[in-house]
Every structure is written in structure tokens, then in C-alpha cells.
Amino acid sequence: MSQLDSQALLAELPRLRRYARALVGDRAGADDLVQDTLERAWANATQWRPGNALRPWLFGIMHNLRIDQYRSSVPPLYPLDDAAEVATRATQDDRLDVLALDAALARLPEEQRQVLLLVSLEEMSYGEVATTLGIPPGTVMSRLARGRERLRQLLDEPQPSPRLRVVK
Amino acid sequence: MNTPVVSETELHAYLDGELSPERMAEVAAHLRDDPQAAARLAHYETQRQALHAAFDPLLDEPLPPALSRLTAAPAANAALWQRWRLPQLAAGIALLLLGASAGWLGHARWQPEPTLAGLPELSRRAAVAHVVYSPDPRRPVEIAADQEDLLVRWLSKRLGSAVRVPHLGNQGFSLVGGRLLPGGSGPVAQFMYQAANGERLTLYLSGEFSGKPETGFRFAREGEVNVFYWIDGRFGYALSGGIDKPQLARVATAVYDQLGTP
């Protein structure tokens, strides 16, 4: 019946978690999103064609869930504090980087954050991003350009708090 | 020399390896003549590296069992095909505990033991105040630590009782400042502290427990905020933060020791 392969799903799990964590801004919310993604993947298992790549399909499901979530809920109250948990083996400097990045990412519009993360973190091609998000490649490129430039400005902005400092 | 015109999206496509080899070479030539664009692209590349440095550690982490279980087909796994969420579990446990303590309080009504009905309220209000003000990068406090004397005089006057500010430098936290907040039935004070890494703690002081018996430390987890709270002398105190419980306990002990010493 279902062609979905548990092992293949399991293999995608770390990347789904990484992307969700960067997108959502906190660990618990990210794992909730991954859980919902897996549940919906199984519920829609018949829509998946074995010839297709699994990753863009899963990321696409996550993206749709995120839209639902966005419509129905408020953004997390304090992604800044929670970011401290992300890298348990990270050094102090890494931690500052994570906090600064989280704070800056949180201030990007969601549509720009998604494209930027799919390209820069997930290393997807523009075509894969377009398929995943269901948008034209031209839109991928313009959102990417705007998102990267906005992130650059946010990270370069002088901040009064050390948590927002960027280590060059 | 005719430098080919390069669009903004082409610069990104160059960075992401999305151009034909010929166009890649042309854009590279263009970048040699346009140091500003080159610097911008270099920054975009550092974004990529920073994202990987920040989030790649998640790839090596052990998977939460609740998630890896869900990769199995639901039919093969019917019993686990339930929504299982930690917050809900925690809420269930909290309800159980609430039931248990209500039973205990019911029993305690017949004892001379005083009940402290307002005490859980203290930790909840403190946690909410923490969540509201501690993430604010620009205006976390009303009066900053460089005007500590003014802060103490003002809060003492408003709370109607001498307020003291503990110093937590030994615990790695320096005073950011403080603010006045509405409590359940009057003004309360909040002091904010910050560690070198940006982690913030808040100490909430309420005069509403004046005359209530003193308590030992109590611990509450309010959402993602850990809170130690207690009543000592004229005030109810609540120390809130995102740091883990043992670390917060050490800071709470330092606060208690300093405020307890006349």
C-alpha cells in the first residue's frame, strides 16, 4: 500500500530538525513541527510517488504546516533565551553567534527566512526550493536576495546588548 | 573593456553555483571590478557558514524517541499513533499534582498550618514579567544600573518599604536595572540581571506578602521559565530565568543570603 519507507524517513529526520529549529527559533516548537510533519507525511503517504525525492516533499509538508501554524498562533515569545540550548557542545563564542543569528532570523519575514534557510543551510537548488515552497523560481531568487541583504543589515546593526553581537 | 552587466539575482546565483560555467566566469570578472558587490557576496557566504556553525550540531544529536518512533508506518505502530506531546504530558502531571496538593490543603485546613493561597500566583506573575521584559534588547528596564541609588530610592518609596538590590557578580550576573510593575493588589518591583553571554535573570519583589509566614525555597516551571520563589521578611521574592534549575538555585541562594543579612 504505502510506498513510504521508514528508514528513508528516519534518514531525513536530522535535517528536518535542523531546518525546523532554524526556522521556528526554539527547540520545543521545532520538534513539535517535525512531529506534525511526520504525522501528516503518513496521513498523505499515498500522495508520494516513489520516483520523487523525499526531502523536498517532506519540507513542503512542513512548509504547509507552518502556514497553518502562522495563521492560528502567535510567534514564540522569547526565541532569544531558548537559543542557548541549541548547541550543547558549542563554545561560548558559538553561543553568541547562535543568539545573534536567532535574533536576526526572527526579524526576517517568514517567507524570506524560509528561502534563505533552504538555500544557505539546506543547500537546496533554486529549483528544489521552488518545488518545496510551491512558488516560481523567480520568486525564490528575489526572496533570497532580499532575505540575505536584510540579514546582513540586521547582523551589522550595532546592538546595545552583547547577545546581539556578531563575531566576525 | 566591456564588463558584462550583472543583476542582483545573478550575484546570488553565482554564489549558489546556479549559473552556467560561462556566466560564472563573467560574473567572476565583474566582481573583480566591483569590490562592493564582492564584499557583499563575501558577507552572504559568511551567513551560510554561520548558519551551519549554529545549527549543524543538531544533525549529530540523538533523535528524540517521540520523533524517531513516528518514522514507522502508523499501521505497524497503532498504539503509538497518538499525539504525544511533552507539554500535554507536563500539564497532565501538573493537574495530578494540583489535585494532590488540593487534597493535602483540604486536609491541612484542620491543622494550624497556614495556607499560602497567593504564593503560586507570585511565581506565575514573576514568570510572566520575566517573559515580557527580559527579551527586550533596547528597553529592558526603566532605570538602569548606573543610577542604582535612584532606582532603590524610587522603588522603596513606591513599595512602601526599604528595598535592597542583591549583587550577583559572584554568580556571573551583573545588574541591568529595574522597573516598577503592577502586582495583584499594588506595585511590585523587578530587577534584571545579565550574564556576559546575554542570558538574563529577573528578581521580582512583591510587598503583598507582608506579614505572611516565611517560607523556604519553592520551585516552579512556568512554560520555559524556571522560578524559585520564597517569602522572607516583608517581601515575597521570585527569581526567574531560562537557566537550568541547579544553576538558578545557586543564584537564588546568593540572593537569599544577601537579603537576609541585615
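Author: A residue is called buried under 20% relative accessible area, exposed over 50% and partly exposed in between, with a 1.4 Å probe and protein chains only. Helices (H or I, at least four residues) and strands (E, at least two) are DSSP runs, numbered from the N terminus. The model is predicted, so local features need pLDDT of at least 70 and side-chain atom pairs count only at pLDDT 80 or more, while totals for chains, interfaces and linings use all residues. Residues are numbered from 1 along each chain as its sequence is written, chains are lettered from A and ligands numbered from 1 in the order in which they are written, and side-chain values use heavy atoms, without hydrogens or water.

Two strands pair if DSSP finds at least two bridges between them. Contact means heavy atoms within 4.5 Å; axes are lines fitted to C-alpha atoms, for helices over the stretch in contact, and angles run from 0 to 180 degrees between N-to-C directions.

S6(B) is mostly covered, with 8 of its 8 residues buried. B:Val225, B:Val227, B:Tyr229 and B:Ile231 point one way from S6(B), and B:Asn226, B:Phe228, B:Trp230 and B:Asp232 point the other way. On its other partner, S6(B) runs antiparallel to S7(B), joined by 7 bridges. B:Tyr229 stands opposite B:Ala238, and B:Asn226 opposite B:Gly241. This hairpin also has 2 residues between its strands, and B:Gly233 takes a positive phi near 65 degrees there.

In S7(B), 7 of the 7 residues are buried, so the strand is largely enclosed by the rest of the structure. B:Phe235, B:Tyr237, B:Leu239 and B:Gly241 point one way, with B:Gly236, B:Ala238 and B:Ser240 pointing the other way. S7(B) pairs with S4(B) as well, antiparallel over 6 bridges, and B:Tyr237 is the bridge partner of B:Leu205.

For contrast, here is a helix of chain A. Helix H6 (residues 110–121) of chain A and helix H3 (residues 35–55) of chain B have axes that come within 9 Å and cross at roughly 85 degrees. That makes H6(A) roughly perpendicular to H3(B), a term for 65 to 115 degrees, where under 35 is roughly parallel, over 145 roughly antiparallel and the rest oblique. A:Leu116, A:Leu117, A:Val119, A:Ser120 and A:Leu121 in H6(A) meet B:Gln47, B:Arg48, B:Leu51, B:His52 and B:Phe55 in H3(B).

Within chain A, the axes of H6(A) and helix H8 (residues 137–156) come within 8 Å and cross at roughly 95 degrees, which makes this pair roughly perpendicular. Among the residues of H6(A) that meet H8(A) are A:Leu116, A:Val119 and A:Ser120, which also take part in the contact with H3(B). Of the 12 residues of H6(A), 11 are buried, so the helix is largely enclosed by the rest of the structure. Just after H6(A), A:Glu123 takes a positive phi of about 55 degrees although it is not a glycine. A:Glu123 lies in the loop between H6 and helix H7 (126–133) of chain A and, at 42% relative accessibility, counts as partly exposed.
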